[in-house]
Amino acid sequence: MDKKKQIVMSGIRPTGFLHLGNYFGAVRNYVRLQQEYSCFFMVADLHSLTTHPDTSSLKGHVYRVLSENIACGLDPEQAVLYCQSHVPETAELYLYLNMLAYVGELEKTVTFKEKVRLHPDNVNAGLLTYPVLQTADIILHRAALVPVGKDQEQHLEMARNFVNRFNHRYGEIFPEPQAFNFGEELIKVPSLDGTGKMSKSENQYATLYLADSDELIKKKIMRAKTDAGPAAPFAEKPDYIVNLFQLMQLVSEPSTLSQFETAYNDCTIRYGDMKSQLAADMIKFIAPIREKALLLQQDSAYLQKVMEAGAQKARESARETLRLVKEAMGLNYY
Ligand code: TYM
(Lines give C-alpha, C1' and ligand atoms only; values in the text may rest on other atoms or scores of the structure.)
Protein backbone atom coordinates (compact mmCIF):
# COMPACT_ATOMS: atom_id res chain seq x y z
CA MET A 1 0.00 0.00 0.00
CA ASP A 2 1.17 3.50 -0.80
CA LYS A 3 2.30 4.88 2.55
CA LYS A 4 1.28 8.39 1.55
CA LYS A 5 -2.29 7.16 1.61
CA GLN A 6 -2.04 5.86 5.16
CA ILE A 7 -3.35 8.45 7.54
CA VAL A 8 -1.69 9.36 10.83
CA MET A 9 -3.32 11.38 13.59
CA SER A 10 -2.36 12.42 17.11
CA GLY A 11 -2.88 15.15 19.67
CA ILE A 12 -1.41 16.84 22.73
CA ARG A 13 -3.36 18.64 25.46
CA PRO A 14 -2.30 22.24 26.14
CA THR A 15 -2.26 21.78 29.91
CA GLY A 16 1.32 22.90 30.51
CA PHE A 17 4.84 22.79 29.15
CA LEU A 18 5.86 19.91 26.87
CA HIS A 19 8.32 17.54 28.46
CA LEU A 20 10.70 14.76 27.55
CA GLY A 21 7.87 12.19 27.73
CA ASN A 22 5.82 14.07 25.16
CA TYR A 23 8.89 14.25 22.96
CA PHE A 24 9.98 10.62 23.07
CA GLY A 25 6.48 9.15 23.37
CA ALA A 26 4.89 11.25 20.67
CA VAL A 27 6.57 14.18 18.89
CA ARG A 28 9.69 12.29 17.81
CA ASN A 29 7.43 9.85 16.01
CA TYR A 30 5.42 12.67 14.43
CA VAL A 31 8.58 14.11 12.95
CA ARG A 32 9.65 10.80 11.50
CA LEU A 33 6.20 10.07 10.06
CA GLN A 34 5.48 13.43 8.47
CA GLN A 35 7.40 12.87 5.24
CA GLU A 36 5.93 9.56 4.24
CA TYR A 37 2.40 9.60 5.58
CA SER A 38 -0.54 11.90 5.45
CA CYS A 39 -0.36 13.42 8.95
CA PHE A 40 -2.76 15.39 11.14
CA PHE A 41 -1.45 16.66 14.48
CA MET A 42 -3.51 18.82 16.75
CA VAL A 43 -3.56 20.72 20.01
CA ALA A 44 -6.33 19.11 22.05
CA ASP A 45 -7.74 22.23 23.71
CA LEU A 46 -11.23 20.71 24.16
CA HIS A 47 -9.79 17.75 26.03
CA SER A 48 -7.93 20.10 28.36
CA LEU A 49 -11.27 21.59 29.49
CA THR A 50 -12.17 18.29 31.17
CA THR A 51 -9.56 18.95 33.89
CA HIS A 52 -8.57 22.60 33.39
CA PRO A 53 -11.80 24.63 33.21
CA ASP A 54 -9.92 27.89 33.95
CA THR A 55 -9.02 29.14 30.48
CA SER A 56 -6.97 32.19 31.48
CA SER A 57 -3.68 30.67 30.33
CA LEU A 58 -5.10 28.42 27.60
CA LYS A 59 -4.23 30.63 24.64
CA GLY A 60 -0.60 30.90 25.75
CA HIS A 61 -0.41 27.13 26.18
CA VAL A 62 -1.93 26.50 22.73
CA TYR A 63 0.66 28.76 21.11
CA ARG A 64 3.44 27.18 23.15
CA VAL A 65 2.50 23.60 22.24
CA LEU A 66 2.38 24.61 18.60
CA SER A 67 5.75 26.36 18.72
CA GLU A 68 7.36 23.48 20.62
CA ASN A 69 6.04 20.99 18.08
CA ILE A 70 7.57 23.01 15.26
CA ALA A 71 10.81 23.50 17.22
CA CYS A 72 11.06 19.70 17.53
CA GLY A 73 11.03 19.41 13.75
CA LEU A 74 7.38 19.32 12.67
CA ASP A 75 6.93 21.07 9.36
CA PRO A 76 3.53 22.76 8.83
CA GLU A 77 4.08 22.42 5.08
CA GLN A 78 4.21 18.65 5.39
CA ALA A 79 1.87 17.81 8.24
CA VAL A 80 -1.47 19.42 9.01
CA LEU A 81 -1.11 21.22 12.37
CA TYR A 82 -4.31 22.50 13.88
CA CYS A 83 -6.23 23.22 17.01
CA GLN A 84 -9.09 20.88 18.01
CA SER A 85 -11.70 23.58 18.65
CA HIS A 86 -11.16 25.01 15.17
CA VAL A 87 -12.70 21.86 13.72
CA PRO A 88 -16.28 21.78 15.03
CA GLU A 89 -16.99 18.61 13.02
CA THR A 90 -15.11 16.90 15.87
CA ALA A 91 -17.99 17.68 18.22
CA GLU A 92 -20.57 16.33 15.80
CA LEU A 93 -18.79 13.03 15.37
CA TYR A 94 -18.25 12.86 19.15
CA LEU A 95 -22.02 13.10 19.62
CA TYR A 96 -22.72 10.19 17.25
CA LEU A 97 -20.03 8.08 18.89
CA ASN A 98 -21.43 8.76 22.35
CA MET A 99 -24.47 6.70 21.39
CA LEU A 100 -22.16 3.73 20.81
CA ALA A 101 -20.19 4.06 24.05
CA TYR A 102 -21.42 2.34 27.19
CA VAL A 103 -21.28 4.12 30.53
CA GLY A 104 -20.01 0.94 32.20
CA GLU A 105 -16.91 0.68 30.00
CA LEU A 106 -16.20 4.41 30.30
CA GLU A 107 -16.33 4.22 34.08
CA LYS A 108 -13.74 1.45 34.05
CA THR A 109 -11.16 3.46 32.08
CA VAL A 110 -7.93 3.79 34.07
CA THR A 111 -7.39 7.46 33.19
CA PHE A 112 -10.97 8.26 34.27
CA LYS A 113 -10.52 6.57 37.63
CA GLU A 114 -7.20 8.34 38.11
CA LYS A 115 -8.72 11.74 37.36
CA VAL A 116 -11.66 11.08 39.69
CA ARG A 117 -9.12 10.41 42.41
CA LEU A 118 -7.16 13.60 41.63
CA HIS A 119 -10.16 15.91 41.12
CA PRO A 120 -13.04 14.46 43.17
CA ASP A 121 -14.85 17.81 43.08
CA ASN A 122 -15.00 17.97 39.27
CA VAL A 123 -16.13 14.61 37.94
CA ASN A 124 -17.84 16.00 34.85
CA ALA A 125 -19.46 14.11 31.97
CA GLY A 126 -16.71 15.30 29.62
CA LEU A 127 -14.19 13.45 31.74
CA LEU A 128 -16.21 10.27 31.46
CA THR A 129 -16.52 10.53 27.67
CA TYR A 130 -12.91 11.67 27.17
CA PRO A 131 -12.01 8.50 25.19
CA VAL A 132 -15.02 9.05 22.93
CA LEU A 133 -13.81 12.54 22.04
CA GLN A 134 -10.34 11.14 21.42
CA THR A 135 -11.82 8.52 19.08
CA ALA A 136 -13.67 11.27 17.22
CA ASP A 137 -10.35 13.13 16.75
CA ILE A 138 -8.73 10.07 15.26
CA ILE A 139 -11.46 8.80 12.99
CA LEU A 140 -12.45 12.25 11.82
CA HIS A 141 -9.59 11.79 9.35
CA ARG A 142 -10.09 8.02 9.07
CA ALA A 143 -6.60 7.60 10.55
CA ALA A 144 -5.09 4.13 11.02
CA LEU A 145 -1.88 5.04 12.86
CA VAL A 146 -1.78 6.98 16.11
CA PRO A 147 1.69 7.80 17.47
CA VAL A 148 1.32 8.00 21.27
CA GLY A 149 3.06 7.05 24.49
CA LYS A 150 2.25 3.99 26.56
CA ASP A 151 -0.25 5.83 28.75
CA GLN A 152 -2.62 6.10 25.78
CA GLU A 153 -2.76 2.36 25.06
CA GLN A 154 -6.16 1.85 26.70
CA HIS A 155 -7.68 4.85 24.90
CA LEU A 156 -6.64 3.32 21.61
CA GLU A 157 -8.13 -0.01 22.56
CA MET A 158 -11.39 1.77 23.31
CA ALA A 159 -11.17 3.63 20.00
CA ARG A 160 -10.98 0.27 18.23
CA ASN A 161 -14.06 -0.92 20.11
CA PHE A 162 -16.07 2.17 19.15
CA VAL A 163 -14.91 1.91 15.54
CA ASN A 164 -15.86 -1.75 15.32
CA ARG A 165 -19.26 -1.03 16.80
CA PHE A 166 -19.83 1.76 14.30
CA ASN A 167 -18.63 -0.29 11.33
CA HIS A 168 -20.72 -3.25 12.41
CA ARG A 169 -23.89 -1.24 12.82
CA TYR A 170 -23.66 1.27 9.97
CA GLY A 171 -21.09 -0.04 7.48
CA GLU A 172 -17.32 -0.23 7.11
CA ILE A 173 -16.21 3.38 7.04
CA PHE A 174 -13.33 3.46 9.47
CA PRO A 175 -10.01 1.58 9.68
CA GLU A 176 -9.14 0.20 13.12
CA PRO A 177 -6.72 2.73 14.65
CA GLN A 178 -3.49 1.37 16.10
CA ALA A 179 -1.17 2.99 18.64
CA PHE A 180 2.19 3.49 16.97
CA ASN A 181 5.83 3.86 17.94
CA PHE A 182 8.89 3.44 15.72
CA GLY A 183 10.65 1.27 18.27
CA GLU A 184 7.77 -1.28 18.22
CA GLU A 185 6.95 -0.92 21.90
CA LEU A 186 5.12 2.14 23.19
CA ILE A 187 7.26 4.32 25.42
CA LYS A 188 6.87 5.57 28.96
CA VAL A 189 9.46 8.15 29.99
CA PRO A 190 9.87 7.81 33.76
CA SER A 191 10.04 10.70 36.20
CA LEU A 192 13.34 11.57 37.85
CA ASP A 193 12.18 10.57 41.33
CA GLY A 194 11.48 6.95 40.44
CA THR A 195 7.73 7.31 40.98
CA GLY A 196 5.50 7.36 37.92
CA LYS A 197 6.05 9.20 34.66
CA MET A 198 6.97 12.68 33.51
CA SER A 199 3.89 14.86 33.35
CA LYS A 200 2.81 18.32 32.15
CA SER A 201 0.95 19.31 35.28
CA GLU A 202 2.08 16.99 38.08
CA ASN A 203 5.43 15.95 39.45
CA GLN A 204 7.06 19.09 38.04
CA TYR A 205 10.42 18.85 39.79
CA ALA A 206 10.85 15.29 38.57
CA THR A 207 9.94 16.17 34.99
CA LEU A 208 12.28 17.66 32.40
CA TYR A 209 10.51 20.26 30.27
CA LEU A 210 11.59 21.30 26.79
CA ALA A 211 11.53 24.90 28.12
CA ASP A 212 13.81 24.26 31.13
CA SER A 213 16.97 26.37 31.41
CA ASP A 214 20.37 24.64 31.40
CA GLU A 215 20.73 25.33 35.14
CA LEU A 216 17.34 23.87 35.94
CA ILE A 217 18.00 20.72 33.89
CA LYS A 218 21.25 20.21 35.76
CA LYS A 219 19.63 20.85 39.13
CA LYS A 220 16.77 18.42 38.50
CA ILE A 221 19.10 15.66 37.32
CA MET A 222 21.66 16.12 40.09
CA ARG A 223 18.98 15.76 42.76
CA ALA A 224 17.50 12.61 41.19
CA LYS A 225 17.36 9.77 43.69
CA THR A 226 20.34 7.34 43.85
CA ASP A 227 21.93 5.18 46.55
CA ALA A 228 25.32 3.89 47.69
CA GLY A 229 25.70 1.82 44.51
CA PRO A 230 25.36 -1.88 43.70
CA ALA A 231 26.53 -4.25 46.42
CA ALA A 232 27.39 -7.12 44.07
CA PRO A 233 28.40 -7.50 40.40
CA PHE A 234 25.49 -7.63 37.95
CA ALA A 235 23.00 -6.71 40.69
CA GLU A 236 19.45 -5.95 39.70
CA LYS A 237 18.87 -2.20 39.36
CA PRO A 238 16.32 -0.50 41.59
CA ASP A 239 13.57 1.44 39.71
CA TYR A 240 15.11 4.88 40.21
CA ILE A 241 18.44 3.68 38.77
CA VAL A 242 16.71 1.99 35.84
CA ASN A 243 15.13 5.38 35.15
CA LEU A 244 18.50 7.14 34.99
CA PHE A 245 19.80 4.54 32.54
CA GLN A 246 16.64 4.84 30.50
CA LEU A 247 17.03 8.61 30.25
CA MET A 248 20.66 8.18 29.30
CA GLN A 249 19.66 5.80 26.55
CA LEU A 250 17.39 8.49 25.11
CA VAL A 251 19.88 11.36 24.92
CA SER A 252 23.44 10.06 25.27
CA GLU A 253 25.79 8.32 22.86
CA PRO A 254 25.54 4.50 22.94
CA SER A 255 29.21 4.35 24.00
CA THR A 256 28.48 6.57 27.01
CA LEU A 257 25.60 4.36 28.03
CA SER A 258 27.62 1.18 27.76
CA GLN A 259 30.49 2.73 29.74
CA PHE A 260 28.12 3.32 32.69
CA GLU A 261 26.45 -0.08 32.25
CA THR A 262 29.86 -1.70 32.58
CA ALA A 263 30.68 0.43 35.61
CA TYR A 264 27.38 -0.58 37.21
CA ASN A 265 27.98 -4.24 36.57
CA ASP A 266 31.49 -4.23 38.03
CA CYS A 267 30.39 -2.02 40.97
CA THR A 268 32.70 0.91 40.11
CA ILE A 269 29.91 3.25 39.13
CA ARG A 270 29.83 6.75 40.64
CA TYR A 271 26.32 8.11 40.37
CA GLY A 272 27.55 11.71 40.67
CA ASP A 273 29.59 11.23 37.48
CA MET A 274 26.73 9.50 35.74
CA LYS A 275 24.32 12.31 36.59
CA SER A 276 26.80 15.01 35.48
CA GLN A 277 27.20 13.24 32.16
CA LEU A 278 23.44 12.79 31.79
CA ALA A 279 22.88 16.48 32.60
CA ALA A 280 25.42 17.57 29.98
CA ASP A 281 23.87 15.34 27.31
CA MET A 282 20.36 16.41 28.27
CA ILE A 283 21.29 20.09 27.98
CA LYS A 284 22.79 19.41 24.55
CA PHE A 285 19.51 17.83 23.55
CA ILE A 286 17.01 20.28 25.06
CA ALA A 287 18.73 23.66 24.59
CA PRO A 288 18.35 23.94 20.79
CA ILE A 289 14.63 22.99 20.98
CA ARG A 290 14.08 25.52 23.78
CA GLU A 291 15.82 28.32 21.85
CA LYS A 292 13.93 27.62 18.64
CA ALA A 293 10.57 27.43 20.43
CA LEU A 294 11.27 30.76 22.16
CA LEU A 295 11.94 32.46 18.84
CA LEU A 296 8.79 30.97 17.31
CA GLN A 297 6.68 32.13 20.24
CA GLN A 298 7.69 35.69 19.52
CA ASP A 299 6.19 35.35 16.05
CA SER A 300 2.53 34.89 16.89
CA ALA A 301 1.49 36.08 13.41
CA TYR A 302 3.30 33.08 11.91
CA LEU A 303 1.79 30.65 14.42
CA GLN A 304 -1.67 32.05 13.74
CA LYS A 305 -1.15 31.54 10.02
CA VAL A 306 -0.08 27.94 10.61
CA MET A 307 -3.16 27.31 12.75
CA GLU A 308 -5.54 28.86 10.23
CA ALA A 309 -4.13 26.95 7.29
CA GLY A 310 -4.17 23.73 9.36
CA ALA A 311 -7.78 24.24 10.41
CA GLN A 312 -8.81 24.67 6.81
CA LYS A 313 -7.15 21.44 5.71
CA ALA A 314 -8.41 19.51 8.73
CA ARG A 315 -11.97 20.69 8.13
CA GLU A 316 -11.85 19.58 4.51
CA SER A 317 -10.90 16.10 5.62
CA ALA A 318 -13.48 16.19 8.45
CA ARG A 319 -16.35 17.30 6.22
CA GLU A 320 -15.75 14.41 3.84
CA THR A 321 -15.76 11.93 6.73
CA LEU A 322 -18.98 13.36 8.14
CA ARG A 323 -20.62 13.17 4.74
CA LEU A 324 -19.81 9.45 4.69
CA VAL A 325 -20.91 9.01 8.30
CA LYS A 326 -24.28 10.67 7.80
CA GLU A 327 -24.89 8.72 4.65
CA ALA A 328 -24.03 5.45 6.40
CA MET A 329 -26.21 6.33 9.39
CA GLY A 330 -29.14 7.29 7.21
CA LEU A 331 -29.09 10.89 8.35
CA ASN A 332 -29.16 12.21 4.79
CA TYR A 333 -32.78 13.23 4.32
CA TYR A 334 -32.42 15.35 1.18
P1 TYM B 1 -1.10 14.17 26.52
O2 TYM B 1 -1.29 15.61 26.22
O3 TYM B 1 -1.19 13.74 27.94
O4 TYM B 1 0.30 13.69 25.99
C5 TYM B 1 0.71 13.92 24.66
C6 TYM B 1 1.49 12.75 24.15
O7 TYM B 1 2.65 12.52 24.95
C8 TYM B 1 2.66 11.18 25.42
N9 TYM B 1 3.24 11.15 26.77
C10 TYM B 1 4.23 10.34 27.15
N11 TYM B 1 4.93 9.40 26.47
C12 TYM B 1 5.90 8.76 27.14
N13 TYM B 1 6.23 9.01 28.43
C14 TYM B 1 5.57 9.94 29.15
N15 TYM B 1 5.94 10.21 30.41
C16 TYM B 1 4.50 10.64 28.51
N17 TYM B 1 3.64 11.62 28.92
C18 TYM B 1 2.87 11.90 27.84
C19 TYM B 1 1.21 10.74 25.41
O20 TYM B 1 1.10 9.34 25.35
C21 TYM B 1 0.69 11.43 24.18
O22 TYM B 1 0.98 10.69 23.02
N23 TYM B 1 -5.44 12.06 25.27
C24 TYM B 1 -4.19 12.57 24.73
C25 TYM B 1 -4.37 13.72 23.75
C26 TYM B 1 -5.24 13.41 22.57
C27 TYM B 1 -4.95 12.48 21.53
C28 TYM B 1 -6.06 12.57 20.63
C29 TYM B 1 -3.90 11.59 21.28
C30 TYM B 1 -6.43 13.99 22.29
N31 TYM B 1 -6.94 13.49 21.11
C32 TYM B 1 -6.09 11.79 19.48
C33 TYM B 1 -3.96 10.81 20.13
C34 TYM B 1 -5.05 10.91 19.24
C35 TYM B 1 -3.37 13.09 25.90
O36 TYM B 1 -3.88 13.40 26.92
O37 TYM B 1 -2.07 13.29 25.61
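## Leu66 and its surroundings

Apart from neighbours within four places in sequence, Leu66 makes contact with Val43, Leu81, Leu303 and Met307, a contact being heavy atoms within 4.5 Å. This is a predicted model, in which local features need pLDDT of at least 70 and side-chain atom pairs count only at pLDDT 80 or more, while totals for chains, interfaces and linings use all residues. Residues are numbered from 1 along each chain as its sequence is written, and side-chain values use heavy atoms, with hydrogens and water left out.

Leu66 belongs to helix H3 (residues 58-71); helices (H or I, at least four residues) and strands (E, at least two) are DSSP runs numbered from the N terminus. Leu66 has a relative accessibility of 2% and counts as buried. The classes are buried under 20% relative accessible area, exposed over 50%, and partly exposed in between, with a 1.4 Å probe and protein chains only. Between the C-alpha atoms of Leu66 and Asn29, which are 37 residues apart along the chain, the separation is 16 Å.

## Overall form

The protein chain contains 14 helices and 5 strands. Its C-alpha trace spans about 75 × 45 × 45 Å along the principal axes.

Of the 334 residues, 50% count as buried. Among contacts between residues at least 6 apart in sequence, 77% join residues at least 24 apart.

## Salt bridges

The whole structure has 13 salt bridges, each defined as a side-chain nitrogen of Lys or Arg within 4 Å of a carboxyl oxygen of Asp or Glu. One of them pairs Arg319 with Glu89 at 3.8 Å, N to O. This pair links distant parts of the chain, 230 residues apart: Arg319 is in helix H14 (residues 300-329) and Glu89 in helix H4 (residues 89-98). Arg319 is partly exposed at 45% relative accessible area, whereas Glu89 is buried at 8%.

Asp214 and Arg290 form another salt bridge, with the closest N and O atoms 2.9 Å apart. Because Asp214 lies in helix H10 (residues 214-222) and Arg290 in helix H13 (residues 271-297), the pair ties together parts 76 residues apart in sequence. Asp214 is partly exposed at 27%, and Arg290 is buried at 12%. Arg323 also bridges to Glu327, the closest N and O atoms being 3.4 Å apart. These two residues are 4 apart in helix H14, so about one helical turn separates Arg323 and Glu327. Arg323 is partly exposed at 43%, as is Glu327 at 46%. Salt bridges with shared partners join Glu89, Arg315 and Arg319 into one network.

## Largest pocket

The largest pocket holds about 1100 Å³ of space. On a 1 Å grid over the protein atoms alone, a pocket is an open set of points where a 1.4 Å probe fits, with protein on both sides within 12 Å along at least five of seven lines, and lining residues have an atom within 4 Å of a point. Grid points are joined across faces, edges and corners, and the volume is the space filled by probe spheres set on the points. Of the 47 lining residues, the closest to the pocket centre are Arg13, Asp151, Gln152, Lys197 and Lys200.

By class the lining has 15 nonpolar, 21 polar and 11 charged residues. Here Ala, Val, Leu, Ile, Met, Phe, Trp, Tyr, Cys and Pro count as nonpolar, Asp, Glu, Lys and Arg as charged, and the others, Gly among them, as polar. Elements that each supply at least two lining residues include strand E1 (7-12), helix H1 (20-33) and helix H9 (153-170).
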